[in-house]
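Please keep the model in view while reading.

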Amino acid sequence: MKVLLIGSGMVADTHVLALRDNTVGARLVGVLGRDDRRTADFCDRASGTLGYPVAAFIDIDAALAVSPDMAIVITPPNARAPFASALAKASIPTLMEKPIERTLGAARAIVDTFTRAETPLGLCFQHRMRDAAQALKAPLLAGDLGDILHVEIRIPWWRDQAYYDAPGRGSYDRDGGGVMISQAIHTLDLALWLAGPVASLQAQMQTTSLHLMEAEDIASALLTFQSGASGVLSASTAAYPGTTESIALTTTRAQVLLEGDTLRIDWHDGRQDRHTPETETGTGGGADPMAFSHGWHQSVIEDFVDAVQHSRPPIAPPDQALHVHAVIDAMERAARSRTVTEVAE
């Protein structure tokens, strides 16, 4: 499986490590970047990590000439659309970092492009691959926990000003927003994967004096799920020094706390189940946004390769990713209108 990586930014090294350790035969054959020198330097480092040569490209047509079997797109959101069009036209199955694009409409346009081309598209929502998340998903699917009554989502993260001093970071033009679309989107996606879709919400979004940035660094919301469950969300990159994100579920049979990769279930009958990782893994919630295991990305890549080979949906398909976008879009509209806002279908 020949892989083309488009982009060489912050998360690129994570993907290189994930490809180095993958168990499904995926092989990085080329990297497409904007700057020839920077891309060549990155490919030199990647070649050293992987133990085989990786070609550097600055032109999409030249990159596609190597006939990749799949692509991984990790560019900033505002650079996605042209690559999406070229990859879909060439029928290249594509795995894309979050978010799909900056706005719900632009994200839908990219998904529609792949749908019309009948070309697989998947998202890197790697938190779904955490062992604890998988351990919780199983009893939820089986109905063992009963009905979900309430959901609490907390993302108390920290980013220093140097992070937002990077050109365009935290802006609507490049990123599409602040903490919600760039950081909290992962935990929000995980909560929706576990608890189901949101029907309506109320929200507040603001930029604190701790950061010089255009978009929000604090967001909060009251959620109403389609199931009838209620929910509360609190997300920040102003919570120094940054701590582990968490999802708490109140169900008719238990109280559940998923904190990073640690899971605790307190059953009403007195039982207690715990899942703790064998080794400590970071979450990227502090000053170093890349302080997390590449193993989750490796699992996403392996799942996507298997999904393509067996013609099944990947673990994070585009329709579910669009719902995450729709919830963030509804939060932005609700924060402006100060009214209860329905989540777009």
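Which element gives the most to the lining of the largest pocket? The model in which this is to be examined is a predicted one. In it, helix α8 gives the most to that lining, with three residues.

The pocket itself may be described next. The volume of the largest pocket is about 950 Å³. Its lining is made up of 41 residues, of which M10, V11, I74, R169 and R174 are the closest to the centre. Two or more residues of the lining come from each of α4, α8 (179–195) and α9 (295–309).

The axes of α6 and α8 lie 9 Å apart, and the angle between the two helices is about 25°. Since angles under 35 degrees count as roughly parallel, α6 is therefore roughly parallel to α8. On the side of α6, the contact is made by A133, Q134, L136, K137 and L140, while α8 contributes L190, W193 and L194. Six of the residues in this contact of α6 with α8 are nonpolar, one is polar and one is charged.

A further link involves α8 through a salt bridge. The structure holds twelve salt bridges, and one of them joins the side chains of R128 and D189, with a distance of 2.8 Å from N to O. This pair links distant parts of the chain, as its two residues are 61 residues apart. R128 belongs to the loop between β6 (121–124) and α6 (131–142), whereas D189 is in helix α8.

The account now turns to α4, another of the elements that give two or more residues to the lining of the largest pocket. How do the axes of helix α4 and helix α5 cross, and within what distance do they come? The axes of α4 (residues 80–89) and α5 (residues 104–116) come within 9 Å and cross at roughly 10°. The two helices are therefore roughly parallel to each other. In their contact, R80, A81, A84, S85, L87 and A88 of α4 meet I110, T113 and F114 of α5. The residues of this contact of α4 with α5 divide into six nonpolar, two polar and one charged.

Key:
Residues numbered from 1 in each chain as written. Predicted model: local features only at pLDDT ≥ 70, side-chain atom pairs only at ≥ 80, totals over all residues. Heavy atoms only, no water. Axes fitted to C-alpha atoms, helices over the stretch in contact; angles between N-to-C directions. Helix = DSSP H or I, 4+ residues; strand = E, 2+ residues; numbered from the N terminus. Parallel < 35°, antiparallel > 145°, perpendicular 65-115°, else oblique. Contact = heavy atoms within 4.5 Å. Nonpolar A, V, L, I, M, F, W, Y, C, P; charged D, E, K, R; others polar. 1 Å grid on protein atoms, 1.4 Å probe; cavity = no way out; pocket = protein on both sides within 12 Å on 5 of 7 lines; lining within 4 Å. Points joined across faces, edges and corners; volume = space filled by probe spheres on them. Salt bridge = Lys/Arg side-chain N within 4 Å of Asp/Glu carboxyl O.
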